[in-house]
Amino acid sequence: MASTKGLEGITATESKISSIIDDKLTYVGYDIDDLANNSSFEEVVYLLWNQKLPTQTELDGLKEELNNNMELPKEVIDHLKSYDLSTVHPMAALRTTISMLGLFDSEADEMDEEANKRKAVRLQAKISTIVTAFSRIRKGEEPISPKSGLSFAANFLYMLNGKEPEDVEIEAINKALVLHADHELNASTFTARVCVATLSDVYSGVTAAIGALKGPLHGGANEQVMAMLKEIGSVENAIPAIEKKLENKEKIMGMGHRVYRNGDPRAKHLKEMSRELTELTGHSKYYEMSIKIEDYIKENKGLPANVDFYSASVYHSLGIDHDLFTPIFAVSRVSGWLAHILEQYSDNRLIRPRAEYVGPKGQKYTPIEDR
Ligand SMILES: CC(C)(COP(=O)(O)OP(=O)(O)OC[C@H]1O[C@@H](n2cnc3c(N)ncnc32)[C@H](O)[C@@H]1OP(=O)(O)O)[C@@H](O)C(=O)NCCC(=O)NCCS
C-alpha cells in the first residue's frame, strides 16, 4: 500500500461549500471575483452556512444575531488579563480562548443541528472580539464592546482601534474577509472535519483548525511575508535578497500553492488593494518590493503569489500589528470551518486513513537489562 505524501491530489470528501476547478475558486458556485467585488462578509457567511444568498430580511437577521453575540463572558476577558500577553502569540491566545469559550456555552455538547447552528453564530460573532480584546489588553487598554449598527468588518476595526473606521478601511477589511472565508479542503478545514468526524463538538473542531492555521505553511505565512519585506528593507534589495534566500534553499513566504498552478484568483484583489492602500498611506515601497518579488519568483520558479502575499502589505498599511495578520485570517475562515463542520455532521463518517508502514519488522522483545 503506497502512500501519497501530503495527500496531494487525493479527494477526501464531497462538499457543496466551495470549489477550486481550473484555478477558479467559487463559494457555492459563485465566482470569488463576483463575491469580492459585490458582497458583504455577512452575506458570504450566510451563503456558506445555508448554500444560498440571503434575502434582505435573512441578512438583517444574521447581522443582528452576530451583533447580539459579540460580547465575551467576563471570565474570558479576566483570563486574558491574567497572562503576560507581551510574550504570547495571538494565534496561541486565540486557540486557547476559543477552547475556553466552550466552557461557558451550556449547549457546547448539544449535537442537534439547530444547537450547532446557534454555536456557529456565537463563534463567528465572538472571534473578532477575542482578537481585538487581546490586542487592546496587551497594550494596557480596556477591551471595547461592539457597536450595534456597524457591519462585521466595521465592528472589527472599531473594537481594535477604539474609533469608527473610515469607509476605505471598512471596504478593505470586508473584502479581505470575503476572500479568506473558505477554500475547499485546505489544511485547517480538513483538520476541523477530521476532528468533528469523531462526533466531537464544534468548539473542539474550531480549536483544532486554529492550531492548523497557525503554521507558516498555511495561515501563518502572511505574518512571515511582512517579516520578509521588513528584512529586505528596500525596493533595490528585493531581487538580491530573494536570490540569496533561494540559494540558501529558503522558501519565499506567500509564494506557491498546492492546488493553484497558474495563479491564486484571490491574490489579484489583494494586490490591487495593496497598490491603493500603500499609496494612500505612504507605504508604497512594500507594494513595489512585492511586485518585484512576485515577478521574479513567477519567472524563475514558476510559482504564483498566493492569498497571503499581498494581504501582508494591505494589513500593514491599515496600521495593524503584524502578528494579528493570521488571527484576522481566522476571523474570516471560521465561517468556512463552521460550514464544513455542519456539512460533516450532516452526513458523517469517521475519517481514518491508513499509513504505509516503513519501520523495522519482526523485532523480538529484549528485557531492559539486556539492551
Ligand atoms: C504552499 C506550499 C506549502 C505548497 O507546498 P507543496 O505543494 O507541498 O509544495 P512543495 O513544498 O513540495 O514544493 C514543490 C517545489 O517547489 C518549491 N517551492 C514551493 N513553494 C516555494 C516557495 N514559497 N519558495 C521557494 N520554493 C518553493 C519547493 O522547494 C519544491 O522544490 P523542489 O521540487 O526543487 O524541492 C508551499 O508552496 C510553501 O511552502 N509556500 C510558502 C508558504 C506559504 O505561502 N503558505 C501559504 C499557502 S496559501
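I take helices (H or I, at least four residues) and strands (E, at least two) as DSSP runs, numbered from the N terminus. This is a predicted model, in which local features need pLDDT of at least 70, side-chain atom pairs count only at pLDDT 80 or more, and totals for chains, interfaces and linings use all residues. Residues are numbered from 1 along each chain as its sequence is written, and side-chain values use heavy atoms, with hydrogens and water left out.

**Entry 1, backbone.** Leu-7 has a positive phi of about 55° and lies in the segment before E1. I note Leu-7 as partly exposed at 42% relative accessibility (buried is under 20% relative accessible area, exposed over 50%, partly exposed in between, with a 1.4 Å probe and protein chains only).

I used a 1 Å grid over the protein atoms alone: a cavity is a set of points where a 1.4 Å probe fits but cannot get out, a pocket is an open set with protein on both sides within 12 Å along at least five of seven lines, and lining residues have an atom within 4 Å of a point. Grid points are joined across faces, edges and corners, and a volume is the space filled by probe spheres set on the points.

The largest pocket holds about 1500 Å³. I find 47 residues in its lining, with Asn-186, Ala-187, His-257, Arg-258 and Val-259 nearest the centre. Elements that each supply at least two residues to this lining include strand E1 (18-21) and helix H14 (284-301). The lining splits into 19 nonpolar, 16 polar and twelve charged residues (Ala, Val, Leu, Ile, Met, Phe, Trp, Tyr, Cys and Pro count as nonpolar, Asp, Glu, Lys and Arg as charged, the others, Gly among them, as polar).

The second largest pocket holds about 650 Å³ and has 26 lining residues. Helix H16 gives the most to that lining, with six residues. Arg-193 and Glu-343 are among the residues nearest the centre of this pocket.

I searched the whole structure and found one cavity of 30 Å³ or more. Its lining consists of Pro-90, Ala-93, Leu-94, Ile-130, Val-131, Phe-134 and Pro-327. Helix H5 (90-101) and H6 are the elements giving two or more residues to this lining. The division is seven nonpolar, no polar and no charged.

I counted 21 salt bridges (a side-chain nitrogen of Lys or Arg within 4 Å of a carboxyl oxygen of Asp or Glu). Arg-193 and Glu-343 form one, with the closest N and O atoms 2.8 Å apart. Arg-193 lies in H9 and Glu-343 in H16, so this pair ties together parts 150 residues apart in sequence. Both residues are buried.

Asp-323 pairs with Arg-138 at 2.7 Å between the closest N and O atoms. This links distant parts of the chain, the loop between H15 and H16 and helix H6, 185 residues apart. Asp-323 is buried at 17% relative accessible area, while Arg-138 is partly exposed at 24%.

Which buried residue has no salt bridge? I noted Arg-333, whose nearest side chain of opposite charge, Asp-182, is 4.9 Å away (Lys and Arg count as positive, Asp and Glu as negative; His and the chain ends are not counted). The Arg-333 side chain does reach the backbone oxygen of His-180 at 2.7 Å.

Terms used
A polar contact is a pair of N or O atoms within 3.5 Å; within protein, one must be able to donate a hydrogen and the other to accept it, and residues adjacent in sequence count only if both atoms are side-chain atoms.
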